[in-house]
Amino acid sequence: ALSYADLTAAEALRALLPPGLDPPASFETVGHVAHLNLRAELLPHRRVIGAVLLDKNPRLRTVVTKTGDVGGEFRVYPMEILAGDGGTVTEVIQHGVRFRLDVATVYWNSRLEAEHRRLLERWLRPGEVLLDAMAGVGPFAVPAARAGHAVFANDLNPDSHRWLLENVRANRVAGLVSAHCEDARAFLAAAAGGRLTPAPVPA
């Protein structure tokens with residue numbers, strides 16, 4: 001007879017959830033954090049769902065679910081930790097670049113990786129300077145700097161700015177990045193008016 005150990009996460013959840021409730025079909029993985037967007041009917045069973053996903057995915061350490069829409073001036077979403085050690089600081093590799101970030105305090109969208117790669121490969125030409133007005137933790141700015149472009153990277157969220165600085169230093173592109181923490185409109189207006197003052201990344 002099959003035991004729990006023989007079941008996939010989906011099979012285990014189908015057995016544990018009330019009849020008629022389908023388990024979540026997918027979730028986003030950000031490093032060791034699984035990010036769910038649970039439907040309302042699954043919320044009463046969120047702890048079971050979190051525990052099973054954590055148990056069946058050894059690379060995970062924390063499971064969270066979004067509890068509201070992305071909003072506010074920093075475009076972050078409220079979340080609830082469902083299972084694991086609660087650690088939301090994680091590492092992600094994109095474009096061969098390692099990024100550190102806190103999913104609880106910054107905006108991150110793994111689905112933008114292909115778009116960032118396309119822009120970098122097709123639109124940025126040698127010698128061109130990149131202005132990234134909403135740079136986040138650097139998923140576009142850091143690979144551009146690694147490709148040899150001078151980058152002016154900005155984000156209003158002080159937590160994003162802090163992780164941007166760390167990621168720039170960790171990937172050894174501090175000499176090519178000017179890192180700002182201000183409103184995107186003011187950043188772009190200063191750039192358009194020739195008033196953008198370089199903000200070197202501290203060593």
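Leaving aside its neighbours within four places in sequence, what is arginine 47 in contact with? The answer is Glu80, Ile81 and Leu82, where contact means heavy atoms within 4.5 Å. Before going further, a word on the ground rules. This is a predicted model, so local features need pLDDT of at least 70 and side-chain atom pairs count only at pLDDT 80 or more, while totals for chains, interfaces and linings use all residues. Residues are numbered from 1 along each chain as its sequence is written, and side-chain values use heavy atoms, with hydrogens and water left out.

Now the overall picture. The protein comes to six helices and nine strands; these are DSSP runs numbered from the N terminus, with helices being H or I of at least four residues and strands E of at least two. The C-alpha trace spans about 70 × 30 × 30 Å along its principal axes. Of the 203 residues, 41% count as buried, that is, under 20% relative accessible area, with exposed meaning over 50% and partly exposed in between (1.4 Å probe, protein chains only). Take the contacts with a separation of 6 or more: residues 24 or more positions apart account for 56% of them.

Back to arginine 47, which has its place in helix α2 (residues 46-56). Arginine 47 is partly exposed, with a relative accessible area of 43%. Its side chain makes a polar contact of 2.8 Å with the side chain of glutamate 80. A polar contact is a pair of N or O atoms within 3.5 Å; within protein, one must be able to donate a hydrogen and the other to accept it, and residues adjacent in sequence count only if both atoms are side-chain atoms. Glutamate 80 also meets the side chain of arginine 46 in a salt bridge (3.0 Å, N to O). Glutamate 80 is in strand β4 and arginine 46 in helix α2, so this pair ties together parts that are 34 residues apart in sequence. Arginine 46 is partly exposed too, at a relative accessible area of 25%.

A salt bridge here is a side-chain nitrogen of Lys or Arg within 4 Å of a carboxyl oxygen of Asp or Glu, and by this rule the count comes to ten. Another of them joins the side chains of aspartate 85 and arginine 61, again at 3.0 Å, N to O. Aspartate 85 lies in the loop between β4 and β5 (89-94) and arginine 61 in the loop between α2 and β3, so parts 24 residues apart in sequence are tied together. Then there is glutamate 91 with arginine 98, whose closest N and O atoms are 3.0 Å apart. Both are partly exposed: glutamate 91 at 34% relative accessibility and arginine 98 at 44%. Glu91 and Arg98 also belong to a network of salt bridges that links them with Arg100 and Glu166.

Which charged residue is buried yet has no salt bridge? That would be aspartate 102, and the nearest side chain of opposite charge, arginine 162, is 5.6 Å away. For charge, Lys and Arg count as positive and Asp and Glu as negative, while His and the chain ends are not counted. Aspartate 102 is in strand β6 (residues 97-102), and its side chain does have a polar contact of 2.6 Å with that of threonine 88. Its contacts, leaving aside neighbours within four places in sequence, are with Thr88, Val89 and Trp163.

Trp163 brings us to the rings. The charged end of arginine 162 sits over the ring of tryptophan 163, 4.6 Å from its centre. Likewise, the charged end of lysine 56 sits over the ring of tyrosine 4, at 4.1 Å from the centre. The test is that NZ of Lys or CZ of Arg is within 6 Å of the ring centre and within 35 degrees of the ring normal.

As for aromatic pairs, a search of the whole structure finds one. The ring centres of phenylalanine 99 and tryptophan 108 are 5.9 Å apart and their planes are at 55°, so the pair is tilted. Rings of Phe, Tyr and Trp (its six-membered ring) pair if their centres lie within 6.5 Å, and planes under 30 degrees apart count as stacked, over 60 as edge-to-face and the rest as tilted. Phenylalanine 99 is buried at 0% relative accessibility, and tryptophan 108 is buried at 8%.
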